[in-house]
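Subject: Structure for your review

Dear colleague,

Please find below the structure that I am handing over to you. I would be grateful if you would read the notes with the sequence and the model side by side.

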Amino acid sequence: MNNTRFATAVHIMTLLAESPQEWLTSEWMAGSININPVVVRKEIGVLRAAGLVISRQGKEGGSQLSRSAQSISISEIYSAVKNTEVLGKKNQNPNPACTVGKEINNHLNTLFNETEELVIQFLGDKTLQEFCDQFK
């Protein structure tokens, strides 16, 4: 199954960054992303829990960034919505009698952790504002 959570979260955050003074509704954002507003509300909840978004309810409700797009790194968005390993899953039950099978997951753990660190470092060097500037 293809996981689009990160792409959806970046899309949401970009929309919010492009309209910093407005309270954007999940319905409006869903129209841009072309997904169900329930999915947007779910991701807004995750982004709010990570301290990246503020929201208010009611007739004048919606969401905004909690701080400037310049002060939000893409790695913060990634960390908020990450729910799978960058490289996928490891083999669950490798053969312990095999010289490779008995140690594969230990070595994969190292590889996975190093890759994750590189991804976070790479995304940490990019701000939401820098990403948004590509649309101008």
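This is a predicted model: local features need pLDDT of at least 70, side-chain atom pairs count only at pLDDT 80 or more; totals for chains, interfaces and linings use all residues.

Helix H1 covers residues 5–18, 14 residues in total. From its first C-alpha to its last it reaches 20 Å, close to the 20 Å expected at 1.5 Å a residue. The helix is mostly covered, since ten of its 14 residues are buried. Among them are Arg5, Thr8, Val10, Ile12, Met13 and Leu15. Which elements cover the buried residues of H1? The cover includes the helices H2, H3, H4 and H6 (128–133), together with strand S1 (53–56) and strand S2 (62–65).

The next point concerns a loop. Asn34 is found between helix H2 (26–33) and helix H3 (37–49). Its phi is near 65°, a positive value in a residue other than glycine. Most residues other than glycine have a negative phi. Is Asn34 buried or exposed? Asn34 has a relative accessible area of 70% and counts as exposed, because exposed means over 50%.

The last point concerns the surface. Val86, Leu87 and Leu111 make a nonpolar surface patch of about 240 Å². Of these residues, Val86 lies in the loop between helix H4 (74–81) and helix H5 (104–124).

Yours sincerely,
A colleague

Key
Residues are numbered from 1 along each chain as its sequence is written. Side-chain values use heavy atoms; hydrogens and water are left out. Patches are made of residues with over 30% relative accessible area and no salt bridge: like charges are joined within 9 Å, nonpolar side chains (Val, Leu, Ile, Met, Phe, Trp, Tyr) within 5 Å. Accessible areas come from the Shrake-Rupley method with a 1.4 Å probe; for residues, only the protein chains shown count as cover. A salt bridge is a side-chain nitrogen of Lys or Arg within 4 Å of a carboxyl oxygen of Asp or Glu. Helices (H or I, at least four residues) and strands (E, at least two) are DSSP runs, numbered from the N terminus. Buried means under 20% relative accessible area, exposed over 50%, partly exposed in between (1.4 Å probe, protein chains only). The expected span of a helix is 1.5 Å times one less than its number of residues. Contact means heavy atoms within 4.5 Å.
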